[in-house]
Amino acid sequence: KIKKFNFKKIYLIMGYIITGTGSYIPKKTKKNIDFINSSFYNEDGSRINTPNAETISKFESITGIKERKYVSENLNTSEIGYFASLEAIKSAKIDPETIDYIIFAHNFGDVMHGINQYEAMPSLAAKVKSKLKIKNPKCVCYDIIFGCPGWVEGLIQAKAFLESGMAKKCLVIGAETLSRVVDHHDRDTMIFSDGAGASLIENKNIDGGILSHNSATYTYNGETEMLFIGNSYNKNIKDRFIKMKGRKVYEFALNNVPNAMKESLELANVEIENLKKIFIHQANKKMDDAIMKRFFRLYKLKVPNSIMPMNIELHGNNSVATIPTLYDQVIRNEKKDHSLKKGDIILFASVGAGMNINSIVYQV
C-alpha cells in the first residue's frame, strides 16, 4: 500500500528563518551641539545666516536625532560589516564554512578616512569572506546597491536562493560609513551616521520566517534626483558628496511606503491586529511617525503604543544598517519596552535612493 504524502503540510513547515543576528555600533559619538561652529551653506552656495543653535534645535525636533555614531579613523565599511557578521555567526551557532552566500548591502563601498574615493572592488562581501577565513569556494559573495532598503532586499534575495534549493544558509549584511561621504557644509550632514548589522537566514523545517515580501523601484517622475551624489554647497570644495532633497523624499515615502506595507500584509494573509512590531528604516522621526499614521489610517486605526522601536535618537541614520541593528537590539532585549517571542509577527519596511521601497512580513 502506497502512503500518500500531504504536500501542503510539508510546504507549510518550510520556513526561511533568521537564525542569528549581530551588529556593530561605533564608539565615537558626535552630539548635536558639536555642530555649533559649523559653516552651513544653501544649495546655491550662499551662507546660511540662521544661528546654528536655532538650526540644531529645529533639526532635533524634526528628526529626533540627539547624537550619532561615527567609525574610528582606522575602520571602514567592510570591517564593521565583518564585526557584525562575527556576532551573527556566533548567535546562529553555525560553522562559517557552511555559508552558501554572503550578500553585502551598502551604497559607497569602502571609503578610507580622509580620502573621498569609493572602493567597491573587490566586493565588500568578498572582503568579509576573506576576513572570516572561509575556504569553501562555493560560498558566493556579491554586493547590492539598493539605497537604504538594501538589507531588507538582501533578505528577499537570500530567501529566493533558499526557496530554489541553491542555498541552505545565507549571510546578509547591511553596513555604511556615511560620515565619510557627507558634505560638512550641508545641514543634512547632521542626519547621517555609521553602523553595521548582519543576519544569518536558513531554510528550516519549522513554521514562521518570511511570510511575504514586496519591492518596487520608482524612476519615471524624477525619483533618481531625490538622493544622489552631488557637489558641495561650499563652491570652493571640488569633492562630491551624498545629497538629499528632503521634502521630496518625505513626500515620496509618505505616498508609497504605507501602501507597500499593506500589500505585504495582504500577501501574507495577516490581519494588522496581529502585528507585534514594525521595524521601519530610521530615516527621521517625523517621517517615520507620519508613515505609521498613514499606514494604520488605511485600516481606520490609530497607531498602537510601543509598536515601532526606534534607535535613531542615539545612532542617527546609518542607511542600510538601521533595520538590522535595531532588530538585533530588540532580539537581544536591549530596547526598553520592546521584546519579541516565538510566533510574533513583525514587519520590516524601508525606503531609499532609487527610489526604492520594500517590505517583509516575518514571523519570529
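The side chains of N107 and S319 are joined by a polar contact of 3.1 Å. Here a polar contact is a pair of N or O atoms within 3.5 Å; within protein, one must be able to donate a hydrogen and the other to accept it, and residues adjacent in sequence count only if both atoms are side-chain atoms. A polar atom of the N107 side chain also lies 3.1 Å from the backbone nitrogen of G147.

A word on the source: this is a predicted model, where local features need pLDDT of at least 70 and side-chain atom pairs count only at pLDDT 80 or more, while totals for chains, interfaces and linings use all residues. Residues are numbered from 1 along each chain as its sequence is written, and side-chain values use heavy atoms, with hydrogens and water left out.

Back to N107, which sits in the loop between β4 (101–105) and α4. Helices (H or I, at least four residues) and strands (E, at least two) are DSSP runs, numbered from the N terminus. Setting aside neighbours within four places in sequence, N107 is in contact (heavy atoms within 4.5 Å) with I145, F146, G147, C148, E176, S319 and V320. I145 is 38 residues away along the chain, yet its C-alpha atom and that of N107 are separated by 5.3 Å.

Now for two helix pairs. Axes are lines fitted to C-alpha atoms, for helices over the stretch in contact, and angles run from 0 to 180 degrees between N-to-C directions.

| Pair | Angle | Axis separation |
|---|---|---|
| α3 (77–92) and α4 (124–131) | about 55° | 9 Å |
| α6 (246–268) and α7 (285–297) | about 45° | 9 Å |

That makes α6 oblique to α7; angles under 35 degrees count as roughly parallel, over 145 as roughly antiparallel, 65 to 115 as roughly perpendicular and the rest as oblique. In α6, residues including Y250, L254 and M261 take part in the meeting with α7, whose side includes M287, I291 and F295. By class, this contact of α6 with α7 has 13 nonpolar, one polar and three charged residues.

On the other pair, T77, S78, E79, G81, Y82 and S85 of α3 meet L124, K127, V128 and K131 of α4. The residues of that α3 and α4 contact split into three nonpolar, four polar and three charged. Ala, Val, Leu, Ile, Met, Phe, Trp, Tyr, Cys and Pro count as nonpolar, Asp, Glu, Lys and Arg as charged, and the others, Gly among them, as polar.

Finally, α9. Helix α9 (residues 322–331) is largely enclosed by the rest of the structure, because nine of its ten residues are buried, meaning under 20% relative accessible area (1.4 Å probe, protein chains only). Just after α9, N333 takes a positive phi of about 60°.

How values were computed: Buried < 20%, exposed > 50% of the residue type's maximum accessible area, 1.4 Å probe, protein only.
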